[in-house]
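Here are some questions and answers for a reader who is new to this structure. Please look at the sequence and the model first.

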Amino acid sequence: MKFAIISHTLHKSKDQKLYAYEPYVREMNLWLQNVSETRIVAPVSKAEIVAIEVPYNTSNIHIKEIPSFNVLSLKTKIVSIFKIPFILFEILKACFWADHIHLRCPGNVGLLGCFVQILFPSKPKTVKYAGNWDPKSKQPVSYRIQKWIVSNTFLTKNCKVLVYGNWEGQSKNIVPFFTASYINHEIIDLPEKDFSSKINFIFVGAFTEGKQPMLSVKVIEKLLAKKIKVQLDMYGNGLEFIKVQEYVEQNNLEKNIILHGNQPKEMVKKAFQKAHFLIFISKSEGWPKVVAEAMFWSCLPISSKVSCVENMLGYGARGAIVESNVNENEIVSIIENYIKNKELYKKQVLEAKNWSQQYTLEKFSSEIKKLLLHE
């Protein structure tokens, strides 16, 4: 099978290997197990490879480099006018070549792919919509256009659209799906976590305004003021990293809040295994993989009510669900309640672990194979 991937994901090349963002590559490697040849249409960067980027594990893969683009300012809109025809041409060529077309949405490249795929009604297609599919959520116009095109069975034929969560009133080509991070062999028995000594918290994600890393910091600051022994390990990087770092230093929190930056998957996995709580109050999500990963390792999430989080957390049976505009005092109250009610904490940790450990990479791989073989 000749498999074409249309994606906005930034790729890098080194020593004749193709690298990209680790969670994305981990998933795509499972798709590529079932194909003979792959062509990727995506932007390419000459920057150095960083810790969260890994290579594809197949050699029969070719990339058709396209320029990245956006329409966030007048200047970039003008520049994009000249880039888009070339990008459309490369997507069109890949679609003609392929036996199966795979779109990665939402994104600017995915938007163009949504239009091009209309011209290929008889070819099998899959769309991985990695954003928030919630019909009630506020989203950019380009995201709404992509959702409308791929869910319109008159425009998008012979296609399965993989979305996070179960939503009412969807077209017949919409398939609730999931993402996995770990294999069956990784499941181990961890010592029961209690609050007898220090309580460990973890934040994993981009240091951006939407992920609200500063909120996690302020929660820890409040807990310390109440003489509760706590530590927060923060993994990730982004525009808000320096702001968080300066706040930690200015308020003498370095002993209790440790900023690790971007780190390999194995290091983050060990941090989840040690942590009691994940604080992840994001304003927008697709499949919040860090929530699922925390649950896998008996780390109880305190997470915002976005995308499919409510469903993942069993509407409060497998963790605490809050609004994205929650303040640190409300989160502190939730934590204090768990500390006072240890049996509730243990019960929810077990529920969360049992739910998450259903979704292994083996199950994920099996479901992908069914999609490609049209089972």
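Q: Which hand does the β-α-β unit of strand 11, helix 5 and strand 12 have?
A: In this predicted model, strand 11 is followed in the unit by helix 5 (residues 213-225) and then strand 12. Strand 11 and strand 12 run parallel and are joined by six bridges. The β-α-β unit they make with helix 5 is right-handed.

Q: Which residue of strand 12 is the bridge partner of Val204?
A: Strand 12 covers residues 230-235. The partner of Val204 in that strand is Tyr235.

Q: Which residue in strand 14 stands opposite Phe201?
A: Strand 11 is also joined to strand 14 (residues 277-280), by two bridges, and these strands run parallel. Opposite Phe201 stands Phe277.

Q: Are the residues that point the two ways from strand 11 buried or exposed?
A: Ile199, Phe201 and Phe203 point one way, while Asn200, Ile202 and Val204 point the other way. Buried here means under 20% relative accessible area.

Q: How much space lies in the largest cavity?
A: Searching the whole structure gives one cavity of 30 Å³ or more. The space in the largest cavity is about 90 Å³.

Q: Which helix gives the most to the lining of the largest cavity?
A: Twelve residues line this cavity, with Thr179, Ser181, Ala292, Ser356 and Tyr359 nearest its centre. Helix 8 (289-296) and helix 11 (342-356) each supply at least two lining residues. With four residues, the helix that gives the most is helix 8.

Terms used: Residues are numbered from 1 along each chain as its sequence is written. This is a predicted model: local features need pLDDT of at least 70, side-chain atom pairs count only at pLDDT 80 or more; totals for chains, interfaces and linings use all residues. Side-chain values use heavy atoms; hydrogens and water are left out. On a 1 Å grid over the protein atoms alone, a cavity is a set of points where a 1.4 Å probe fits but cannot get out, and a pocket is an open set with protein on both sides within 12 Å along at least five of seven lines; lining residues have an atom within 4 Å of a point. Grid points are joined across faces, edges and corners, and a volume is the space filled by probe spheres set on the points. Buried means under 20% relative accessible area, exposed over 50%, partly exposed in between (1.4 Å probe, protein chains only). Two strands pair if DSSP finds at least two bridges between them. A crossover is right-handed if, with the strands pointing away from the viewer, the path from the first strand over the helix to the second runs clockwise.
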